Amino acid sequence: MPISVLRLGHRLGRDARISTHCGLVARALGAREIIYTGERDQILLESVNETANRWGGPFSAKYEENWKHVVKKYRKRNFSIVHLTMYGMPVQKVIRRIRKKKNILVIIGGEKVPPQVYQEADFNIAVTGQPHSEVAALAIFLHEYFRGKELGKKFRGAKLKIKPQSRGKKVEGVD
Ligand code: SAM
């Protein structure tokens with residue numbers, strides 16, 4: 001069940017950290033890719049792709065100029081469009097229906113979300129009706145979608161792996 005994430009409206013400099021975190025959370029919690037729109041940021045793409053390269057995949061980060069083209073393309077590929085917004089329907093009420101969909105494009109906003117996104121989405125989904133963050137909304141949506149199974153996900157081709165410790169840190173190289 002491939003999940004792709006579309007992160008809207010990246011701004012160079014100002015959004016570097018939060019957009020990186022969107023990519024890291026998408027990968028760590030089971031999505032296959034993240035697509036960024038807004039201002040093209042090569043450093044952001046390299047940093048997220050480098051994490052996937054070292055810690056395993058499959059996962060990739062890419063850039064597309066126009067979010068509408070992305071939605072159109074993924075719709076043609078039979079993806080359902082899920083937009084995360086505090087104004088939407090509560091995730092806990094709708095997640096069973098969404099789990100039945102084969103492929104999902106999850107849209108997360110930035111500072112301003114164009115009104116058309118709400119119309120284009122098959123589902124507008126709220127992770128509580130309170131304002132918070134695209135990183136938190138994405139994490140909780142993926143956790144609900146995968147019913148917690150993503151917590152034990154294995155990452156193919158990892159060069160590094162954590163050996164869990166009750167205290168201290170241990171990172172192992174994988175041959
Ligand atoms: N003011 C923006 C707008 O026009 O909707 C929202 C800004 S918010 C900081 C950035 C993104 O976080 C939103 O577009 C949405 O994807 C996500 N988000 C924030 N709170 C959310 C919530 N309660 N449920 C779902 N998504 C949320």
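Modeller: Helices (H or I, at least four residues) and strands (E, at least two) are DSSP runs, numbered from the N terminus. The model is predicted, so local features need pLDDT of at least 70 and side-chain atom pairs pLDDT 80 or more, whereas totals for chains, interfaces and linings use all residues. Residues are numbered from 1 along each chain, and side-chain values use heavy atoms, without hydrogens or water.

The strand to begin with is β4, which gives the largest share of the lining of the largest pocket, 5 residues. A pocket is an open set of points on a 1 Å grid where a 1.4 Å probe fits, with protein on both sides within 12 Å along at least five of seven lines; lining residues have an atom within 4 Å of a point. The lining of this pocket comprises 22 residues. Nearest the centre of the pocket are L84, T85, M86, H132 and E134. At least two lining residues come from each of β4, β6 and α6. By class, the lining holds 11 nonpolar, 8 polar (Gly among them) and 3 charged residues.

Two or more residues of the shell around the ligand come from each of β4 (79-90), β6 (123-126) and α6 (134-145). The shell has 18 residues, each with a heavy atom within 4 Å of the ligand. The closest of these are L84, G109, V127, T128 and Q130. Here too β4 gives the largest share, with 3 residues. The shell divides into 9 nonpolar, 7 polar and 2 charged residues.

The backbone of E111 places a polar atom 3.4 Å from a nitrogen atom of the ligand. At V113, a backbone N or O atom is 3.5 Å from an oxygen atom of the ligand. Of the 570 Å² of accessible area (Shrake-Rupley, 1.4 Å probe) that the ligand has on its own, the protein covers 79%.

N78 is in the loop between α3 (67-76) and β4. The phi of N78 is positive, about 75 degrees, although N78 is not a glycine.

Strand β7 (residues 160-162) gives the most to its lining, 3 residues. The lining consists of R27, W55, K153, K154, F155, A158, L160, K161, I162 and V174. It contains 6 nonpolar and 4 charged residues, and no polar ones.

Conventions: Polar contact = N/O pair within 3.5 Å; in protein donor to acceptor, adjacent residues only side chain to side chain.
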